[in-house]
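The description follows the strands before the side chains.

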Amino acid sequence: MRISIIVAMDENGGIGFENHLPWHLPEDLKRFNRLTMGHHLILGRKTYQSIGRVLPGRRMIVMTRNPDTQYAGVDVVPSLEAAINLAESRGDDEVFIGGGSEVYRSVLPITDRIYLTRVHAQTQADVFFPEFDPSEWIEISSEQLGADEKNQYPTTYTILERVCAKHVRG
Ligand SMILES: NC(=O)c1ccc[n+]([C@@H]2O[C@H](COP(=O)([O-])OP(=O)(O)OC[C@H]3O[C@@H](n4cnc5c(N)ncnc54)[C@H](OP(=O)(O)O)[C@@H]3O)[C@@H](O)[C@H]2O)c1
């Protein structure tokens, strides 16, 4: 099973502000929906609360350390390992990690692919994507999109694949 991060970040690596996305980019949300549809989507508890609802067509797995947490219509798990094992046990061929920052940090060493939207702006952000070594990744596709009346900033959609051995799971 491929482990894929999906993330949008600004020019400083900013990904969120006050538990929301710092931009309005409906094209990016469409891409997110298209890519994740039919797959498992793993989220940290804060990101799930920020989205605030079950996304149709995806099996959502929410990570929390609080054993009392429950959300209707999603699986709640106590660790990244439990989240990935659940997606794998159900036969998914690609699991998507949808953030946020804390979850990206822990999954990065075992990630195969990053669907990265570069937002060409410097936004006000209070959470950031973790530092990563560009030499470990190769860009397999890239597509630019300008800003328009609906999409606040220009973006570049890229897909990065790991070129070196990833850390072994388990
Ligand atoms: N630009 C993007 O693509 C993008 C994508 C996603 C999110 N975001 C933004 O990122 C921000 C949220 O990120 P965040 O880092 O603050 O929070 P987060 O990663 O969404 O959630 C953190 C919470 O997840 C749980 N958690 C994390 N790691 C865990 C682990 N290893 N085991 C068990 N539970 C674990 C904990 O929940 P408990 O506290 O309940 O134990 C932790 O407090 C928001 O601003 C959001 O809008 C941006």
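Eight strands form an open, mixed sheet in the order 5-4-3-6-1-7-10-9. Strand 5 (75-77) and strand 9 (137-145) are the edge strands, each pairing on one side only. From one strand to the next the twist averages 20 degrees. Strands (E, at least two residues) and helices (H or I, at least four) are DSSP runs, numbered from the N terminus; two strands pair if DSSP finds at least two bridges between them. This is a predicted model, in which local features need pLDDT of at least 70 and side-chain atom pairs count only at pLDDT 80 or more, while totals for chains, interfaces and linings use all residues. Residues are numbered from 1 along each chain as its sequence is written.

Within the sheet, strand 1 (residues 2-9) and strand 6 (residues 94-97) run parallel and are joined by four bridges. Ser4 stands opposite Phe96 in strand 6.

Helix 3 (residues 80-89) lies across strand 1, strand 3, strand 4 (59-63), strand 5 and strand 6, at about 165 degrees to strand 4. Such angles run from 0 to 180 degrees between N-to-C directions, with axes fitted to C-alpha atoms, for helices over the stretch in contact. The buried residues of helix 3 are Ala83, Ile84 and Ala87 (buried: 20 or more other C-beta atoms within 10 Å of the residue's own, with C-beta atoms placed from the backbone). They cover an arc of only 90 degrees around the axis, so they are on the same side of helix 3; the arc is that of the directions from the helix axis to the C-beta atoms. These buried residues pack against strand 1, strand 3, strand 4, strand 5 and strand 6, where contact requires C-beta atoms, placed from the backbone, within 7 Å. Gly91, which follows helix 3, has a positive phi near 85 degrees.

Conventions: Contact = placed C-beta atoms within 7 Å. Buried ≥ 20, exposed ≤ 12 C-beta atoms within 10 Å, placed from the backbone.
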